[in-house]
Amino acid sequence: MPQPEIRALLRSRRYLAFWLGQVTSTVGNQLTVVVLAALVVPDRGPGVFGLVLAVESAVMGVLLLAGGVVADRYSRSTVMAVADVLRLAGIVGFFLFASDGPLAPLLVAAASTGAGAALYEPAHRAALAQVVPEDLRQQAYALDVSTKRIGSMAGALLAGVMLAGISPPKTLLVDIATFVVSLITLVWLRLPPVRAAADPRAGGPEADEPGGLRGMLAEAREGLAEVRRRPWVSVLMLQGTVQVFFLFAPNYILVPMVSQTRYGLSAFGWVSAATLAGSVVGSLLGGRVSSPRPGLWAMNALAPCLLTPVCLAVDVPLWMFCAAGAAGSAGVGCFMVLWYSSLQKEFPERVQGRVFALEGLASFGLQPLALAVTPLLVRFVGVAPFATLAAVVLLLSTYGALVVPGTAQFATRTRAAAEDAVADESAVRK
């Protein structure tokens with residue numbers, strides 16, 4: 001049976017609208033990737049497809065912090081709706097120019113989808129605090145993370161089924177429909193700007209902040225300063241950057257390569273399925289963790305990620321390779337739930353868009369570079385030595401972060417002490 005907190009979430013119309021928008025957006029994103037490959041690669045070649053993905057990723061990385069500033073200035077549901085419009089425009093561009101025609105409009109379409117993603121992600125993370133009460137946010141993040149995993153898999157499967165029966169351009173029309181559904185839910189949700197919600201007399205961001213590029217840069221610096229005042233947050237963002245190079249990027253490159261070489265062409269499908277299942281289970285378990293030291297739980301949850309590099313370095317049976325992927329992705333899912341919910345507790349709502357933008361930039365901004373560098377390193381040193389190095393770096397970066405005060409609690413010392421005092425007072429009253 002679902003937990004009482006989950007049932008409470010599912011009874012909320014506002015949360016259901018928010019969740020439905022996320023589901024359709026996630027399915028649409030995965031549809032776009034699969035269908036775009038089917039449109040571009042046969043006629044333009046893999047090089048152009050890689051260029052399109054590179055442009056999309058680069059634009060997202062460049063604009064991500066600006067997206068966080070915008071999410072803190074204006075209605076987050078409106079920002080997400082504008083992001084969906086930008087992504088819709090990009091998909092229409094793919095529909096028109098993916099297979100033939102000049103290259104420039106295709107790259108503009110990729111830039112449009114990248115800009116939409118840069119707006120959507122910080123606003124989506126930060127908007128949860130306006131939709132869900134604080135006591136339900138950890139469970140809401142558990143559903144959020146697991147929904148993204150299931151939605152991505154569903155989008156890929158739907159794309160595969162549809163491409164087998166209809167042409168790629170017609171499949172892209174279904175993709176457009178998913179973003180229309182997401183757009184409708186966001187228009188219905190109509191979240192107020194955070195500042196206006198906190199002070200109804202406020203006249204909007206322009207009433208007390210400089211406008212234009214200067215104002216946006218000032219707000220970006222404010223978000224960076226808020227993060228720097230909390231060394232444990234800065235260290236964990238740096239940890240994310242390190243682990244992109246030694247965990248996430250190598251997994252993208254090496255896991256399919258090694259699994260197919262050792263076990264056959266179908267093996268990567270089994271590994272992927274196990275990884276997805278582990279991520280869903282781990283994120284749901286993360287929603288159930290109740291501890292004064294969630295950071296320690298999160299670091300221990302990341303420890304099984306060591307198993308995949310070990311399986312890359314040592315020839316193991318396929319079932320063990322799948323189990324390692326499932327355990328590692330379960331740990332990442334649990335970590336993400338505890339990490340995101342702690343960030344929302346730690347930072348005031350008015351800066352959360354910028355904080356989540358910085359987190360995304362630190363964790364995944366360098367992923368394209370990591371994906372490009374990994375094959376070169378593997379070619380130079382070999383799979384086993386690189387995987388061994390990855391396991392060592394992963395272990396040191398995971399448990400080394402606990403040396404920084406606040407990491408074990410996922411909270412600054414003053415806030416953690418205040419929460420402990422409240423808990424003690426509540427226990428005495430009982």
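Visitor: How many helices and strands does the protein have?
Guide: This is a predicted model, and in it the protein has 18 helices and 0 strands.

Visitor: And how compact is it for its length?
Guide: The radius of gyration is 22 Å, and the globule rule gives 22 Å for 430 residues, so the protein is as compact as a globular protein of that length. Along the principal axes, its C-alpha atoms fill a box of roughly 65 × 50 × 45 Å.

Visitor: What share of the residues is buried?
Guide: Of the 430 residues, 48% count as buried. The protein exposes about 19,300 Å², and carbon and sulfur atoms supply 70% of that area.

Visitor: What about contacts between residues 24 or more positions apart?
Guide: Such pairs account for 86% of the contacts in the protein that have a separation of 6 or more.

Visitor: Let us change topic to helix H5. What span should it have?
Guide: Helix H5 covers residues 103–131. At 1.5 Å a residue, its 29 residues should span 42 Å; the end C-alpha atoms are 41 Å apart, which agrees.

Visitor: Where does H5 bend?
Guide: The bend is at His-124, and it amounts to about 30°.

Visitor: Why is H5 described as largely enclosed?
Guide: Because 22 of its 29 residues are buried, H5 is largely enclosed by the rest of the structure.

Visitor: How far apart are Ala-8 and Val-378?
Guide: From C-alpha to C-alpha, Ala-8 and Val-378 are 49 Å apart in space, and 370 residues separate them in sequence.

Visitor: What about confidence? What is the average pLDDT?
Guide: The protein averages a pLDDT of 84, and 90% of the residues score at least 70.

Visitor: Which elements have the highest and lowest mean pLDDT?
Guide: Helix H12, residues 294–302, has the highest, at 95. The lowest, 46, belongs to helix H18, residues 413–429.

Visitor: And where is the pLDDT below 50?
Guide: One such stretch is residues 198–207, which has 4 contacts in the model beyond near neighbours in sequence. Another is residues 416–430, with 2 contacts counted beyond near neighbours in sequence.

Visitor: How should one read such parts?
Guide: Where pLDDT is low, the predicted coordinates should not be read in detail.

Note on methods:
Residues numbered from 1 in each chain as written. Predicted model: local features only at pLDDT ≥ 70, side-chain atom pairs only at ≥ 80, totals over all residues. Heavy atoms only, no water. pLDDT = per-residue confidence, 0-100. Helix = DSSP H or I, 4+ residues; strand = E, 2+ residues; numbered from the N terminus. Contact = heavy atoms within 4.5 Å. Expected span 1.5 Å × (residues − 1). Bend = angle between axes of the 7 residues up to and from the residue. Buried < 20%, exposed > 50% of the residue type's maximum accessible area, 1.4 Å probe, protein only. Rg over C-alpha atoms; globule rule 2.2 N^0.38 Å. Areas by Shrake-Rupley, 256 points an atom, 1.4 Å probe, with all protein chains shown as cover.
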